[in-house]
Amino acid sequence: MMDSSDALMARFLALHPRTIDLSLGRIERLLEKLGHPERRLPPVIHVAGTNGKGSTIAFMRAILEAGGLAAHVYTSPHLVRFHERIRLGAIGGGVFVPEEQLADAFSRCETANDGDPITVFEITTAAALLLFSEAPADVLLLEVGLGGRVDATNVIDRPACAVVTPIGRDHAEYLGDTLESVATEKAGIFKRGCPAVIAAQDYAQADSVLCRRAEAVGAGPIFVGNQDFSVHEESGRLVYQDERELFDLPRPRLAGRHQLTNAGTAIAALRAAGFGDLGSAAFETGLRRVEWPGRLQRLTKGHLAEMMPKDAELWLDGGHNADGGRILAAAMADLGERSDVPLVLVVGLLGTKDAEGFLKNFVGLARSLIAVPIAGQLAARPAEEVERIAQGVGLMAESASSVEAALASLAATVFEKPPRVLICGSLYLAGAVLTANGTIPT
């Protein structure tokens, strides 16, 4: 009987003692032993960036599937089960890799690796590429895990398009503590003679580095947000324009003004990669249908949603860095303009993240905050520590033993209007919330 993917994953953890050690040598060695599956893939759209990678890929997948194409998808991290990282494309909509296929791919990679040192992300990325090489599809949407230059996904010699979404500060211990250093690492996915799409950036330093690096390696053509393509909202619609086309489209289903940028980047990337002839109906349908769990997701059904007071709103987001907090706060402010109700945060954070930088975005916006632990995560900050940090930046804060305890407390609190509750601070927390709510990704 074949071992389960969980059992194989446990063995993978013993193959490399360090959590992260960025290098291409180990995965290149394994891919060679596997017969180079990375050379037998459908056209690849490779996506790096600090924020918006997953949403941009979700938009592309929704548009491609609406246009009748099959799209493989590789993203990370997962929210509930590892299988979410590998979506096998099919006409009409892809599916998360079934357990039997995942365990088989893991087993073959373990055998080929033969006990050599390798990180978990590297060996599981090799398994994903193996699976993608053996299943037909029209395109592979490939998300970078960390950085870009020496990320395990950067084994694709000639992507159909390389995309970099907005850059911010994160993972400073691996990517450097300046925007320029982070942008340089992300720009490592640009390849000579291959189209490059650079999303509209929040920081001029990042934009400058990305453009220079794309030109230096000979990527091309190069499409830069707010220069070669643009997107804006007009009369409740999304208007996309580049030098060849103007699209008047519905506003994206995903909430938040930042999703306009992500949708525009997705459209530009598809057009640069040769998928621009799908027709306006595919773009319209894709923007209406797109889903990306755990990212500004409103929970209207499920166990936790049912704990909310009548007419209260429950939102979930996995954003966890300072720029993610800024984007999330802006989205909450927009919702507040449409419906002015008290905003309460339920927050869990990892100790590796800039808690102060994340939380200070909500000063003057959130009525109060309840800090909660993230069960099962050794790197999680204690709720009492998050409470102290929140109070230190000027937020009214308390702590609770769990998300359910926090929601029960809110249900017993009298508000002048039913509140808007946002659970945020960690993708690990988002996954736990979706599990407890009974609404895991499908």
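Which residues line the largest cavity? Before I reply, please keep in mind that this is a predicted model. The lining of the largest cavity consists of Phe223, Asp228, Phe229, Tyr240, Asp242, Glu243, Arg244, Ala268, Arg271 and Ala272. Its volume is about 70 Å³. When the whole structure is searched, one cavity of 30 Å³ or more is found. Two elements, strand E10 (237–242) and helix H9 (258–272), each contribute at least two residues to the lining of the largest cavity. Of these contributions, the largest share is that of H9, with three residues.

E9 and E10 are paired in the antiparallel sense over six bridges. Within that pairing, Glu233 stands opposite Leu238 in E10.

Is Ser235 buried or exposed? Ser235 is exposed, and its relative accessible area is 75%. Although Ser235 is not a glycine, its phi is positive, at about 55°.

His36 also deserves a mention: it is not a glycine, yet it has a positive phi of about 60°. His36 sits in the loop between helix H2 (25–33) and strand E1 (44–48).

What is the order of its six strands? The order is E12-E13-E17-E14-E15-E16, in an open sheet with mixed pairing. At the edges are strand E12 (297–298) and strand E16 (397–399), and each has a single partner strand, so one side of each is left without a neighbour in the sheet. Inside this arrangement, strand E14 (residues 343–347) and strand E15 (residues 368–371) pair in the parallel sense, over four bridges. Val344 has Ser368 as its bridge partner in E15.

Two helices pack on this sheet. Helix H13 (residues 383–393) touches E14, E15 and E16, and its direction makes about 180° with that of E16. Helix H14 (residues 403–411) touches strand E13 (313–316), E14, E15 and strand E17 (420–424). The direction of H14 makes about 160° with that of E14.

Between E12 and E13 there is a loop that holds Asp311. Asp311 is exposed, with a relative accessible area of 57%. The side chains of Asp311 and Lys310 are joined by a polar contact of 3.4 Å. From Asp311 to Ala411 there are 100 residues in sequence, but 11 Å in space, C-alpha to C-alpha.

Strand E12 also takes part in the next feature, the second largest pocket. The volume of this pocket is about 950 Å³. How many residues line the second largest pocket? There are 41, of which Arg61, Val290, Glu291, Trp292 and Pro293 lie nearest its centre. The elements giving two or more residues to this lining are helix H3 (53–66), strand E3 (86–88), E12 and helix H15 (427–437). H3 provides the largest share of the lining, seven residues.

Finally, I draw your attention to two peptide bonds. Ser76 and Pro77 are joined by a cis peptide bond, with omega of about -5°. Pro77 belongs to the loop between strand E2 (71–74) and E3. The peptide bond from Gly220 to Pro221 is likewise cis, with omega near -5°. Pro221 is found in the loop between helix H8 (204–217) and strand E8 (222–224).

Thank you for your attention.

Terms used:
Residues numbered from 1 in each chain as written. Predicted model: local features only at pLDDT ≥ 70, side-chain atom pairs only at ≥ 80, totals over all residues. Heavy atoms only, no water. Pairing = 2+ DSSP bridges. Contact = heavy atoms within 4.5 Å. Axes fitted to C-alpha atoms, helices over the stretch in contact; angles between N-to-C directions. Buried < 20%, exposed > 50% of the residue type's maximum accessible area, 1.4 Å probe, protein only. Polar contact = N/O pair within 3.5 Å; in protein donor to acceptor, adjacent residues only side chain to side chain. 1 Å grid on protein atoms, 1.4 Å probe; cavity = no way out; pocket = protein on both sides within 12 Å on 5 of 7 lines; lining within 4 Å. Points joined across faces, edges and corners; volume = space filled by probe spheres on them.
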